[in-house]
Amino acid sequence: ATQVAPVEKDCSSITPPYPALLRNLEHVRKVLQRPLTLAEKILYSHLIDPEKNLSGAGKIRGEVYLQLRPERVAMQDASAQMALLQFMSAGLAQSAVPASIHCDHLIQAVEGAESDLKRSIVTNQEVFDFLESAARKYGIEFWRPGSGIIHQIVLENYAAPGMLMLGTDSHTPNAGGLGMLAIGVGGADAVDAMTGTPWELKAPQVVGVRLTGQLNGWATPKDLILHLAGKLTVRGGTGRVLEYFGPGVFSQSCTGLATIANMGAEVGATTSTFPYTPNMRAYLNATGRSPVARAADEAASRGFLNADENAEYDEVIDINLSELEPTINGPFTPDLATPLSKFGEFIESQGWKDEVSAALIGSCTNSSYEDMTSVADLAQQAKRAGLTTKVPFLCTPGSEQIRATMERDNVTSTLQDVGAVVLANACGPCIGQWKREEKKDEENAILTSFNRNFKSRNDGNRLTMNFLASPTVVTAMAFSGKLSFNPMSDSLTLPSGEPFKFSPPSGQDLPSAGFALGETSYYPSPSPKPHPEVDIVVKKDSQRLELLEPFPSPFGEASGNNRDLELPPLKVLLRVRGKCTTDHISAAGPWLKYKGHLTNISENLLITAVNDEGGDVNVAFDRDTNTSGTIPEIAKRFKSRKQPWALVVDDNYGEGSAREHAALQPRFYGCAMILARSFARIHETNLKKQGVLPLWFVDKSDYSRISSGDVLETIGLTDTLQGISDAPIKVKVTKSNGETFEIQTKHTMSTDQLQWLRAGSALNHIRLSLN
Ligand code: SF4
């Protein structure tokens with residue numbers, strides 16, 4: 001555990017190709033002839049053909065589909081299974097770009113790091129073997145269970161200023177802490193990059209967030225993004241990049257910036273980024289990447305790594321860090337922000353018990369050395385006063401490097417002395433991998449330093465209220481056991497009856513003795529070569545893995561000719577009410593084990609969604625037989641009758657994660673179209689990729705006019721698909737009583753995306769173009 005990360009490692013495969021990017025940027029400048037934001041510089045310099053893509057386009061942001069070439073792909077173990085199953089069916093010998101797989105989501109927290117890791121490796125052996133053999137075959141870096149959480153590892157090893165990267169996880173933007181664009185996508189998008197197919201993204205708008213002032217006292221970078229989430233709401237970042245600038249950026253550590261970028265996902269932002277700073281350089285140097293830092297210095301001196309003077313943003317938000325106070329967000333949605341000083345009143349006004357039932361720190365959002373040393377400072381203060389935590393206090397280090405450095409520097413022992421249990425370097429409770437014995441089916445409140453807090457996410461209990469806060473506020477609350485405790489102003493009572501007040505925590509950005517490497521057997525060999533001779537075994541009777549069958553074109557026989565490209569008549573399965581995140585569409589927790597088995601995981605389709613006709617959870621109606629059942633039961637019935645179907649859904653449908661199962665599962669059961677008041681970006685793309693047509697109501701009140709059992713027919717899709725017209729697609733609705741009417745819809749399909757629909761999926765389209 002005392003081996004220290006090398007001062008300078010071989011960075012040839014992780015240094016962005018700055019000279020080529022700068023050349024591309026020159027072409028972009030010639031075409032656009034205006035100052036550029038940093039996000040634009042990074043994105044447009046990765047265009048395959050800037051002249052072709054941007055010339056004559058007029059307005060770019062929010063309008064033009066960009067054809068991009070990302071430099072790297074990262075996949076976590078749950079989403080990598082489907083990404084690789086799709087990649088395998090493309091028939092290539094190796095990944096076209098460097099890629100990595102990270103074993104983090106499948107490790108369940110029960111009692112502590114060592115035994116949890118051992119047990120989870122046994123339980124998931126088949127999946128880990130599959131991932132490792134695929135990694136060997138295709139030349140992908142494989143980070144074994146125990147190595148850490150994907151985003152922390154990416155930040156420590158791969159992220160670099162100015163890079164464009166895709167990750168099959170919604171918190172991929174975490175890497176933006178190093179001044180790059182890292183974008184969360186579904187596996188099918190990762191397959192684009194891995195097959196060398198242009199990756200398409202509608203040019204996002206760019207929101208400038210100007211930071212002035214200085215954080216002080218208990219306020220941390222986490223509080224900045226919790227505050228911003230409250231301002232922007234879960235939809236405020238849709239189709240937009242958050243680009244921070246101003247003097248306040250330069251006073252943050254690189255890992256603090258990563259926390260801010262990480263939770264940009266909670267406002268639906270495409271990603272977040274920052275100009276290159278001296279703290280980023282220091283972090284690159286501390287993690288053995290001084291060659292990347294030197295190359296970035298050179299690129300920065302040529303104007304690549306910050307916005308041009310007078311660059312125009314679509315909106316500018318001003319935040320004075322000096323005025324920011326710690327904030328607590330939740331429950332059940334990450335944008336319900338309450339300043340710490342008002343939180344006690346808020347709890348009282350809701351009539352909730354003033355009790356914390358567990359406190360959890362770490363995760364990909366907040367497990368930097370700075371976070372952990374700040375928390376250890378509080379633990380040390382409490383220990384000296386003779387206090388221990390009042391409630392279970394769990395800590396998940398983000399990586400083996402962090403864990404080993406914490407252990408060497410006595411951070412771990414300090415936390416354990418006050419009652420902390422250190423879990424494996426993995427997602428654990430953050431993704432429902434938490435075997436929690438207490439508070440089952442009971443209303444209770446937990447505080448976490450995580451990023452997401454939808455119902456049931458952590459322990460499977462819909463009544464557990466998860467409040468998001470900085471690691472230091474979470475830790476202070478663990479000592480008080482009360483939600484109303486404000487460590488900035490309140491005291492705790494010592495056994496002696498004396499009052500005890502925490503001093504504001506102070507942490508250390510980077511370890512003075514360097515990062516310890518820890519258990520090096522968890523790490524991959526750098527830049528592995530492909531091994532075509534490796535067999536990837538998927539057992540026929542496996543309950544965890546299943547080879548994918550291509551989805552047929554929804555147009556059936558008609559797909560081969562140009563006569564009729566309307567969808568077949570679709571029966572409405574369900575009208576979904578209100579918030580429907582990818583967690584509602586495809587739950588995680590115990591279902592994570594079926595991520596590589598589409599038939600098995602589809603049994604969880606929409607099981608926590610609310611049916612707007614009656615208000616029940618997981619109930620659907622089969623109007624043909626006048627019966628009802630669970631949503632997966634009725635969807636399966638439709639599939640067995642070969643009855644294609646549609647969903648009617650509310651606003652921001654598919655909010656949350658990049659989970660492509662939320663698109664694959666409805667498609668697997670025969671869903672061909674989803675009519676929404678609005679869609680979340682990643683999920684809408686995932687639907688398109690899997691050959692499901694996402695349509696937006698022009699008049700949102702039409703949502704209530706359509707019921708289960710109604711039949712929907714598209715009008716005008718043929719002309720759209722054939723490029724004859726870009727008029728809105730209409731939908732004819734036939735009610736069960738025979739009444740009919742038409743509604744107007746709009747869509748966001750690009751020319752290429754229409755071809756995916758026609759082929760049955762993006763993968764079918766790629767396969768056709770590769771052969
Ligand atoms: Fe893992 Fe949670 Fe981070 Fe997702 S948000 S990568 S589940 S730690």
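Predicted model: local features only at pLDDT ≥ 70, side-chain atom pairs only at ≥ 80, totals over all residues.
**Exercise 1.** Decide how well helix α18 is covered, and list its buried residues.

*Solution.* Step 1: the helix runs over residues 471-480. Step 2: a residue counts as buried under 20% relative accessible area. Step 3: 10 of the 10 residues of α18 are buried, and the helix is mostly covered. Step 4: the buried residues are P471, T472, V473, V474, T475, A476, M477, A478, F479 and S480.

**Exercise 2.** F479 belongs to a cluster linked by ring pairs; name its members.

*Solution.* The cluster consists of W218, F479, F500 and F502. In total, the structure holds 19 aromatic pairs.

**Exercise 3.** Classify the ring pair of W218 and F502, and say which parts of the chain the pair ties together.

*Solution.* Step 1: a pair of aromatic rings is described by the distance of the centres and the angle of the planes. Step 2: the ring centres of W218 and F502 are 6.3 Å apart, and the planes stand at 75°. Step 3: planes over 60 degrees apart count as edge-to-face, so W218 and F502 form an edge-to-face pair. Step 4: W218 is in the loop between β8 (205-212) and α9 (221-232), while F502 is in the loop between β20 (499-500) and β21 (570-577). The pair therefore ties together parts that are 284 residues apart in sequence.

**Exercise 4.** Are W218 and F502 buried or exposed?

*Solution.* W218 has 4% relative accessibility and so counts as buried. F502, at 3% relative accessibility, also counts as buried.

**Exercise 5.** Find the rings that have the charged end of R575 or R705 over them.

*Solution.* The charged end of R575 sits over the ring of Y703, 5.7 Å from the ring centre. R705 lies over the face of F741, 4.0 Å from the centre of that ring.

**Exercise 6.** Describe the contact between domain 1 and domain 3.

*Solution.* Step 1: the domain assignment gives domain 1 as 18-322 and domain 3 as 556-770. Step 2: their C-alpha centres lie 29 Å apart. Step 3: domain 1 brings 32 residues to the contact and domain 3 brings 30 residues. Step 4: the two domains bury about 2500 Å² between them, with 55% of it on carbon and sulfur atoms. Step 5: on the domain 1 side, Y65, M82 and E200 lose the most area to domain 3, together 20% of what that side buries. Step 6: the count of salt bridges between domain 1 and domain 3 is two.

Note on methods
Residues numbered from 1 in each chain as written. Heavy atoms only, no water. Phe/Tyr/Trp six-rings, centres within 6.5 Å; stacked < 30°, edge-to-face > 60°. Helix = DSSP H or I, 4+ residues; strand = E, 2+ residues; numbered from the N terminus. Buried < 20%, exposed > 50% of the residue type's maximum accessible area, 1.4 Å probe, protein only. Lys NZ or Arg CZ within 6 Å of the ring centre and 35° of its normal. Domains from an automatic or database assignment. Contact = heavy atoms within 4.5 Å. Buried area = accessible area lost by both parts, 1.4 Å probe. Salt bridge = Lys/Arg side-chain N within 4 Å of Asp/Glu carboxyl O.
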